[in-house]
Every structure is written in structure tokens, then in C-alpha cells.
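Here is a short briefing to read alongside the structure. Keep the sequence at hand while you go through the points.

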Amino acid sequence: MDFTPTEEQEAARDLAARIFGDLATHERLAAAGTGSDAELWKALCAAGLPGAVEETGLLGLVLLLEEQGRRTAQVPLAATCVYGILAVARHGTEEQRARLLPGLRDGTTVVTGAFPGTGGVVAHEGRLGGAVEWVPWLRDATHVLVADAERGLWLVRTEDAARIEPVELTAPWSAGRLVLDDTAAERLGTGSGSDAVGPGFDAYADVLVAARVAFAGLQAGVCAGSLARAVEYTSVREQFGRPLATHQAVQLRAADAYMDTEAIRVTAYEAAWRHDEGLDAAEAALTAAWWASEAGKRVVHTGQHLHGGMGADLDHPVHRHFLWGRQLDAYLGCGTELLAELGDLLAKGDPS
């Protein structure tokens, strides 16, 4: 394994860091409320960052999402890249790629995912029925990638949905409730094969792996940002005549948070690398998701705790990291569920 970014991946990450640093400021985030930042999204697309993921792969996307997480920037980057660009590029037909990818690259087409499949959507002769209680960034999307009860993947235009009801989540993800009623849908992949990847490839499983890894990478950035704010605060805030950062208890909490953040990052990198290399990444993706869920909670709680009374201020920037960390924990799935799934997967590969 080699986690050293390529020149292209480094350039994309550095450009993303500059754009997020310039536009995802505390003042702009506060003004955006629970909605997405349209100007920031246009800037990212104008710079070609979503489209670059086709070349830089899932690891390149993880690097971009780390920078987004550091700033808790309110744009549908993870959803559009995972459920749109990567899904279409890997599992779409030649016609679908030619028709959909240009809009995904320039940001005029925004895709989110009603994912993973929970059995709430049923497909019959190319039409879908059912409901998904909450879908991140649904209010921003032009299309939604829906997983049906049989693990089939379908692209649905949001304007064709029976109903989209706004839903407010813990984090400001412009979410909505998706209601489908004999809704026209376009099949993506076949479930047992893929036009772009090859026969026998499970499109649903591949998108699920990519989603888990991408959102784990986003959590790594959220945790890194939370910890950076805590370090900055405890270095200048004094208690008993000396900075909080000089107290051993504070140092130990920060050290634990740093190790947790690095564990999220390295497991996300490994899973992304395996995915990009065409290796089986299901176990690695579950491992990354578990670390992002369990350790992510610890880190954002630590970040808020080390701010003392300031951490209780809902308008303080560190509280935004707390909200994102808890939302990502919910989206990835609780730790016990992920461990149970990982255990089942490992047991299947045990010859005994």
C-alpha cells in the first residue's frame, strides 16, 4: 500500500483547501443557516474539482472531503461525487456517461443518494414506489440514486418524485423525505454486472463501499477541524495563571483525539486505495466506517469539552463540528451494527 498522493491529487487537495478557506468562513456558514452555499458550490465546480475525481479516484475524493470537513462547508460534494460521478462513471452505460457526466462535472447536475437500500422502495417494470425518510442534500439535487429492496440502482429525477418534504437533520445537509409513487426511473448498472467495470460486478456493493469510505474521509476532516480549534483555544485560554494546554488532563484528551483522528484517516485511505486498485474493499470500508462512527463521536465531544463553557455556545464554530460529527455517525450507522456486518463478512471468508 502506498498512501502518498499523486501530483494530481495533491494539486486538487491544495486547491480545495484554498477555496474552502476563502469561502467557508464562520460568517458565511452562519449566514447560510441550514442551506447549502450556492456560491461555494459554483466556485468548486468552476475549479473543476468534482470532475477531477474521475482521474484522482476515491482516494483523491477522500482528500477533498477532508478539506471540506475541516471547514464544515455546506455543499453536496460527497453526495454528488459518490452517487453521481463515480457511480455513473463506473456503472453507467456509454450513453449514460456521455449524457450525465458533463452536467455532473460542471455542477448543473447534482446527485444525492437514497442509500443504502432499506427495503422501503420497490421497483416494478422501471417504476418505483415507496418512501425514504431522509436523504441528505435532497433539496439541492436534480437526481437521486435510489437503491431498491433487491439492491438495484435507479436514477430518479427529483422533479419526477411524487413528493419531497424538507427535513432538518442534526447537521445542515439540506435533507428531505423522498416519496415515490409509480415514479419513472432509469436503471444504473444491473446489480450483477456493470457496463464500465465488467461482468459479475455488484454495482450496489461498489457504491456502498465508495459511500462509506467517502463519508469516513469527511469525518476525518471534521475531527481534524474540531481538534485544531481545541488546540488553538486551549493554547491561549488560561486557568490558574497558565494556558489550559499545559495541564496534563487536557494534553491527554487532545492526544487521544489525535490518535482517533489518525485512525479514521488511515483506515479511510486504505479502503480508498484498495477500491482504486480494483481490490476487494468491503472489509476495509466497514473498518473505516466503524472508526469514523465510534471514534468520530469521541473526537467531536472532546473538541467541545476542551472549550469549556464556550463549547456550550451554539454559535461557536466548534459546535458546528460537533453537529457534523454526530450526523456522520448516524449516517454511517452505529458501531455495533457495523461490527456485526463486518463479523458476518469475515465469517464468510473463514474456511473453517
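Serine 174 is buried, because its relative accessible area is 3%, and buried here means under 20% relative accessible area, exposed over 50%, partly exposed in between (1.4 Å probe, protein chains only). This is a predicted model, in which local features need pLDDT of at least 70, side-chain atom pairs count only at pLDDT 80 or more, and totals for chains, interfaces and linings use all residues. Residues are numbered from 1 along each chain as its sequence is written, and side-chain values use heavy atoms, with hydrogens and water left out.

**Loop residues with positive phi**

- Serine 174 sits in the loop between strand 6 (163–167) and strand 7 (175–184); helices (H or I, at least four residues) and strands (E, at least two) are DSSP runs, numbered from the N terminus.
- Its phi is near 45°, a positive value in a residue other than glycine.
- Tryptophan 137, in the loop between strand 3 (127–135) and strand 4 (143–147), has a positive phi near 60°, again in a residue other than glycine.
- With a relative accessible area of 1%, tryptophan 137 is buried.

- In helix 3 (residues 38–46), the buried residues are Leu40, Trp41, Leu44 and Cys45.
- These residues lie on the same side of helix 3 because they cover an arc of only 135° around the axis, taken from the directions from the helix axis to the C-beta atoms.
- Ala38, Lys42 and Ala46 are exposed on the other side of helix 3.
- The cover over the buried residues of helix 3 includes helix 1 (7–23), helix 2 (26–32), helix 4 (49–71), helix 5 (77–91) and helix 6 (94–106).
- At the start of helix 3, a side-chain oxygen of aspartate 37 comes to within 3.1 Å of the backbone nitrogen of glutamate 39.
- Glycine 48, which follows helix 3, has a positive phi near 80°.

**Threonine 80**

- Threonine 80 belongs to helix 5 and counts as buried because its relative accessibility is 0%.
- Leaving aside residues up to four places away in sequence, threonine 80 touches Trp41, Ile85, Leu104, Thr109, Val110 and Val111; contact means heavy atoms within 4.5 Å.

**The cavity**

- Rolling a probe the size of a water molecule over the atoms shows where empty space is left.
- The structure holds one cavity of 30 Å³ or more, where a cavity is a set of points on a 1 Å grid over the protein atoms alone at which a 1.4 Å probe fits but cannot get out, and lining residues have an atom within 4 Å of a point.
- The largest cavity has a volume of about 30 Å³, a volume being the space filled by probe spheres set on the points, with grid points joined across faces, edges and corners.
- Among the residues lining the largest cavity are Val82, Arg90, Asp206 and His275.
- Helix 5 gives the most to this lining, with five residues, and helix 5 and helix 7 (203–236) each supply at least two.

**Two more side chains to look at**

- Tryptophan 273, in helix 8 (residues 248–276), counts as buried at 19% relative accessibility.
- Beyond residues up to four places away in sequence, tryptophan 273 touches Met1, Asp2, Phe3 and Leu279.
- Valine 122, in strand 2 (residues 121–124), is exposed, with a relative accessible area of 52%.

Conventions
A polar contact is a pair of N or O atoms within 3.5 Å; within protein, one must be able to donate a hydrogen and the other to accept it, and residues adjacent in sequence count only if both atoms are side-chain atoms. On a 1 Å grid over the protein atoms alone, a cavity is a set of points where a 1.4 Å probe fits but cannot get out, and a pocket is an open set with protein on both sides within 12 Å along at least five of seven lines; lining residues have an atom within 4 Å of a point.
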